[in-house]
Amino acid sequence: MTILWTILALALGTYLLRLCGPLLHNRFEPSGRVRVALSASAAVLLCAMAAVSALTTGHGFAGWARPAGVLVGAVLALRKVSFLIVVVAAAATTAALRLLGVS
């Protein structure tokens, strides 16, 4: 029963956080420095999440195939290649390396 109450509390908190944006949109005007800091922090969090996802699995290192695939995908994305090609190339790189025995 405790798990149910925890899930309900988290759901309510999530809903209230999502509701804050539209409710406070016209009442709160962040300064330019705050906007820059929020923008930078969002980029840092996205990069950190990508790094953790690319480099770890469970509690250990994911091996070299997955980071190599992510690197190929990142390079192609920076060159503004089509999203489908980026995904397929990254997956193909990882699969080819694993097929060759690189974990």
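## Basis of the description

Because the model is predicted, local features need pLDDT of at least 70 and side-chain atom pairs count only at pLDDT 80 or more, while totals for chains, interfaces and linings use all residues. Residues are numbered from 1 along each chain as its sequence is written, and side-chain values use heavy atoms, with hydrogens and water left out.

## Overall fold

The chain has 4 helices and 2 strands, where helices (H or I, at least four residues) and strands (E, at least two) are DSSP runs numbered from the N terminus. Along the sequence these elements follow the pattern α-α-β-β-α-α. The radius of gyration, taken over C-alpha atoms, is 20 Å, well over the 13 Å that the globule rule (2.2 Å times the number of residues to the power 0.38) gives for 103 residues, so the chain is more spread out than a compact globule.

The C-alpha trace spans about 55 × 45 × 25 Å along its principal axes. Of the 103 residues, 10% count as buried; buried means under 20% relative accessible area, exposed over 50%, and partly exposed in between, with a 1.4 Å probe and protein chains only.

## Two packed helices

Two packed helices are described by the angle between their axes and the distance between the axes. Helix α2 (residues 32-55) and helix α3 (residues 65-78) pack at an angle of about 140°, with their axes 8 Å apart; the axes are lines fitted to C-alpha atoms over the stretch in contact, and angles run from 0 to 180 degrees between N-to-C directions. That makes α2 oblique to α3, since angles under 35 degrees count as roughly parallel, over 145 as roughly antiparallel, 65 to 115 as roughly perpendicular and the rest as oblique.

The contact (heavy atoms within 4.5 Å) is made by Ser53, Ala54 and Leu55 of α2 together with Arg66, Pro67 and Val70 of α3.

## An aromatic pair

A search of the whole structure finds 1 aromatic pair, in which Phe61 and Trp64 lie edge-to-face, 5.1 Å centre to centre and with 70° between the planes. Rings of Phe, Tyr and Trp (its six-membered ring) pair if their centres lie within 6.5 Å, and planes under 30 degrees apart count as stacked, over 60 as edge-to-face and the rest as tilted. Phe61 counts as partly exposed at 46% relative accessibility, whereas Trp64 is exposed at 61%.

## A positive phi

Most residues other than glycine have a negative phi. Lys80, although not a glycine, has a positive phi of about 60°. Lys80 sits in the loop between α3 and α4 (83-99) and is exposed, with a relative accessible area of 75%.
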